[in-house]
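Me: I'm new to this one and would like to learn how to read it. Could you take me through its features, one at a time?

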Amino acid sequence: MFRVAVFVGSTRPTSSNLKLAKALEKLAAGRLEFNYIKIDNLPFYDDALWNDPPAEVIRMKREITEADAVLFVTPEYNRSIPGILKNAIDWPSRPYGDGVWTDKPGAIAGATGGVSGTAAAQAHLRAILPVVGVALMGKPEIYFQSRPGAIDDDGNFTDERIRTNLNIWVDQFVRWIERFAEPRAAEAADEVRKTA
Ligand SMILES: Cc1cc2nc3c(=O)[nH]c(=O)nc-3n(C[C@H](O)[C@H](O)[C@H](O)COP(=O)(O)O)c2cc1C
């Protein structure tokens, strides 16, 4: 089972994006394990802070390093991603040459009450994430309209067609992660051989 570091772009306890992430987690049980990364305790990015880096930043970089993959579930704010999420992407990309996003398989999703399903925000993520090194899955995509009752109180997708499509999404994400996990396993085996 792959460990996924999950970044939710909204910190509201009743966030529809958190609800979407939790429903995906439930759907993916046994295939993916989600670790929700705290992003609301980070200072605004400041290069000077690397002199004595904040513990939250070090922790977040470690959590990403330890993960097999990353997942971003974000609302759309004024046709882009929330600033808090951009800040959480910028920190682990530095110091220059020591970023931890490199070659991490990743996927994105988003929920909004609007019909566009965060398409504009996700387009911005698709521009940003490859720059910091995330190996982003192209498709399938998730543009989730968070209508009342779309996810029930137990965290299940109520629409069968949506559930089927999101199950396919989980399978594809697992396959995407495997493409990166296998070379890493091979590298680890090489290391063992070298030190034997
Ligand atoms: C500052 C701000 C800007 C927003 N801009 C957009 C937008 O461009 N497109 C959109 O679909 N929804 C927009 N919304 C509505 C959010 O998608 C909606 O509030 C959503 O529920 C927020 O996600 P959350 O439930 O996970 O907190 C905006 C909301 C806020 C607070």
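**Starting from one phenylalanine**

Reply: Let's begin with Phe-157. Setting aside residues up to four places away in sequence, Phe-157 touches Leu-20, Ala-23, Leu-24, Leu-27, Phe-144, Ala-150, Ile-151, Ile-162, Arg-163 and Leu-166. A contact here means heavy atoms within 4.5 Å.

Me: Before we go on, what am I looking at, and how are the residues numbered?

Reply: This is a predicted model, where local features need pLDDT of at least 70 and side-chain atom pairs count only at pLDDT 80 or more, while totals for chains, interfaces and linings use all residues. Residues are numbered from 1 along each chain as its sequence is written, and side-chain values use heavy atoms, with hydrogens and water left out.

Me: How many helices and strands does the protein have?

Reply: Helices (H or I, at least four residues) and strands (E, at least two) are DSSP runs, numbered from the N terminus. In this protein there are five helices and six strands. Going from the N terminus, their order is β-α-β-α-β-α-β-α-β-β-α. The radius of gyration is 17 Å, close to the 16 Å from the globule rule for 196 residues, so the protein is as compact as a globular protein of that length. That radius is taken over C-alpha atoms, and the rule is 2.2 Å times the number of residues to the power 0.38. Along the principal axes, the C-alpha atoms fill a box of roughly 55 × 40 × 25 Å.

Me: What share of the residues is buried?

Reply: Buried means under 20% relative accessible area, exposed means over 50%, and partly exposed is in between (1.4 Å probe, protein chains only). Of the 196 residues here, 43% are buried. As for the surface, the protein exposes about 10,400 Å², with carbon and sulfur atoms supplying 52% of it. Such areas come from the Shrake-Rupley method with a 1.4 Å probe; for residues, only the protein chains shown count as cover.

Me: Which residues have the most contacts inside the largest nonpolar core?

Reply: The general idea first: in soluble globular proteins, nonpolar side chains tend to be buried together. A nonpolar core is a set of buried Ala, Val, Leu, Ile, Met, Phe, Trp, Tyr and Cys residues joined through side-chain atoms within 4.5 Å. The largest one here has 33 residues, and those with the most contacts inside it are Val-4, Leu-32, Leu-71, Phe-157, Trp-169 and Phe-173. At least two residues of this core come from each of β1 (2-8), α1 (16-27), β2 (32-36), β3 (69-73), β4 (105-112) and α5 (160-195). Helix α5 gives the most, eight residues. Apart from this core lies another of 27 residues, including Trp-50, Val-57, Met-60 and Ile-108.

Me: Can we look at a single spot in a helix? Where is Ala-21?

Reply: Ala-21 sits in helix α1. With a relative accessible area of 0%, Ala-21 is buried. Beyond its neighbours within four places in sequence, Ala-21 is in contact with Val-6, Val-8, Phe-34, Tyr-36 and Val-73. Phe-72 is 51 residues from Ala-21 along the chain, yet their C-alpha atoms are separated by 8.9 Å.

Me: What share of the contacts joins residues at least 24 apart?

Reply: Counting contacts between residues at least 6 apart in sequence, 78% join residues at least 24 apart. Asp-171 is 139 residues from Leu-32 in sequence, and their C-alpha atoms are 9.7 Å apart. Ala-181 is also in α5, but at 17% relative accessibility it counts as buried. Ala-181 and Ala-69 are 112 residues apart in sequence and 9.2 Å apart in space, C-alpha to C-alpha.

Me: And the backbone? Which peptide bond ending at Pro-95 is cis?

Reply: The one from Arg-94 to Pro-95, with omega near -5°. Pro-95 is in the loop between α3 (83-90) and β4. Another cis peptide bond joins Lys-139 and Pro-140, with omega about 5°. Pro-140 belongs to the loop between β5 (135-136) and β6 (143-145).

Me: What is the phi of Asn-78?

Reply: Asn-78 is not a glycine, yet its phi is positive, about 45°. Asn-78 is in the loop between β3 and α3 and counts as exposed at 80% relative accessibility.
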